[in-house]
Amino acid sequence: MKFDTLIKNGLVILEDEAKEVEIAIKDGKIAEIGKDLGESEKTIDAKGLIVSPGMVDAHVHITEPGGGYRDDWEGYETGTRGSAKGGVTTIIEMPLNQVPATTDRESIQIKYAAGKGKLAVDVASYGGLVPYNLDGGIQELDEDGVVAYKCFIATCGDRSIDGDFMNVDDYSLYEGMKQIAKTGKILSIHAENAEITDRLGEIAYKNGETSLSAYVDSRPAFTEVEPIQKIILFAKETGCRVHIVHVACEEGVDAIVKAQKEGVDITCETCTHYLYFYKEELDEIGPVVKCSPPIREKSRLEGMWNRVMNGDIDFVTSDHSPCNPELKDKENAFEAWGGIAGVQNNVDVLFDEGVQKRNMSLTRFAEIIAKKPAERFGLIQKGSIKVGKDADFVLIQKDSPYTLKAEDLAYRHQISPYIGREIGAQVIRTILRGETIYNKEDGLSSEFIGEFIK
């Protein structure tokens, strides 16, 4: 057989080891892995590079359509091009902040139409669980191809915008979990106690607090842990499979691990920014680094890394959630939009911080960026370098520090808390289903070959 492409001379991260082998690609799939595989139309020389599965970022916000309210936020073209430049080959897109939110058949079809011809990487979709879609919306989303569902136990959405997302009350959570359990799919949950965090925030604001440090203090760690414990109880009652997004404290992870030992089908993720930034430096950086749950104290950083290393935290995501610059450019941190632009700097930061600085194994690195999220959300063609799977790769150059500049970013708005930071590894090439969509020498491909995964 003559292959379409051979990748040679790289250190390839397979499912259980990393070794120097060739990868043969045919018709967008991994056709063979081994030595001296034969002839091909093209050869990619990966000498000196790490060949990893392309990242599956399971938590990305694309705000298209904007519905006339958020038209200047991140769109499909820029969001997926930023993904490609960062070594991300698949994203799972959240059901907000687009307008209308993705809560039924009509809204998901609007979203599919909005992304047509604009995808630089492959995109799987979340459906929402909100109080207003308990009468058939969940089933419509299941039929129309969502890979999972998302809800908020924290205040979200703008009630002045018709069709915007909305957090659940306890009844909506319970009823929604019963319905989602019947689909067999996962419910991912933003777990923060809305009543306490909202009130603490109001008090701090009225008292004249303006700093990011005060914002962090208004969302203490127990306000994550308490709703996680409630979710565990509801999961036991309903049989719903659950996943806790962007856990930012060790206590939350530990509660999840305890529930797993009791037989609950529950997992969790953290985000790159919770493994990199810390509370004591936030005010120096500014509102660009504001998010929810907040970035916590430096003393917690290594505890979170330990839980990533040992598998208690299943995988890491970006929670890429940008807005327009005006919503970040606030003197008062409590008034700034809470969301971080980060999808382009998952792979390089995690490789540097995990593999190079903390001796994470290459196989664990591939698990946290690709294998585990693909498995959890049933993306059977994604996540690992194995014959028959999609030929999705990121080629990484280790020990190659660079300083991120605003002009390096492919986002619609070139703002990110990583700007000005020296990152010790670089994404050299990103390959989606056998086609190069980014390489350092030539930049991003002008073609949009990404597809919706349904």
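Colleague: At what angle do α4 and α7 cross?

Modeller: In this predicted model, helix α4 (residues 170–183) and helix α7 (residues 222–238) cross at roughly 45 degrees, and their axes come within 10 Å. Axes here are lines fitted to C-alpha atoms, for helices over the stretch in contact, with angles from 0 to 180 degrees between N-to-C directions, while helices are DSSP runs (H or I, at least four residues) and strands likewise (E, at least two), numbered from the N terminus. The two helices α4 and α7 are therefore oblique to each other, given that angles under 35 degrees count as roughly parallel, over 145 as roughly antiparallel, 65 to 115 as roughly perpendicular and the rest as oblique.

Colleague: Which residues in α4 and α7 meet?

Modeller: D170, L173, Y174, M177, K178 and A181 of α4 meet K230, I231, F234, A235, E237 and T238 of α7, where contact means heavy atoms within 4.5 Å. By class, that contact of α4 with α7 has seven nonpolar, one polar and four charged residues; Ala, Val, Leu, Ile, Met, Phe, Trp, Tyr, Cys and Pro count as nonpolar, Asp, Glu, Lys and Arg as charged, and the others, Gly among them, as polar.

Colleague: And how do α10 and α12 pack?

Modeller: Helix α10 (residues 301–309) packs on helix α12 (residues 347–358) at an angle of about 85 degrees, with the axes 12 Å apart, which means α10 is roughly perpendicular to α12. E302, W305 and M309 on the α10 side meet L350, E353, G354 and R358 on the α12 side, and the residues of this contact divide into three nonpolar, one polar and three charged.

Colleague: Switching to pockets, how much space lies in the largest pocket?

Modeller: About 1100 Å³, where a volume is the space filled by probe spheres set on grid points joined across faces, edges and corners. On a 1 Å grid over the protein atoms alone, using a 1.4 Å probe, a pocket is an open set of points with protein on both sides within 12 Å along at least five of seven lines, and lining residues have an atom within 4 Å of a point.

Colleague: What lines the largest pocket?

Modeller: There are 42 lining residues, of which T155, C156, G157, W337 and G338 lie nearest the centre of the largest pocket.

Notes:
Residues numbered from 1 in each chain as written. Predicted model: local features only at pLDDT ≥ 70, side-chain atom pairs only at ≥ 80, totals over all residues. Heavy atoms only, no water.
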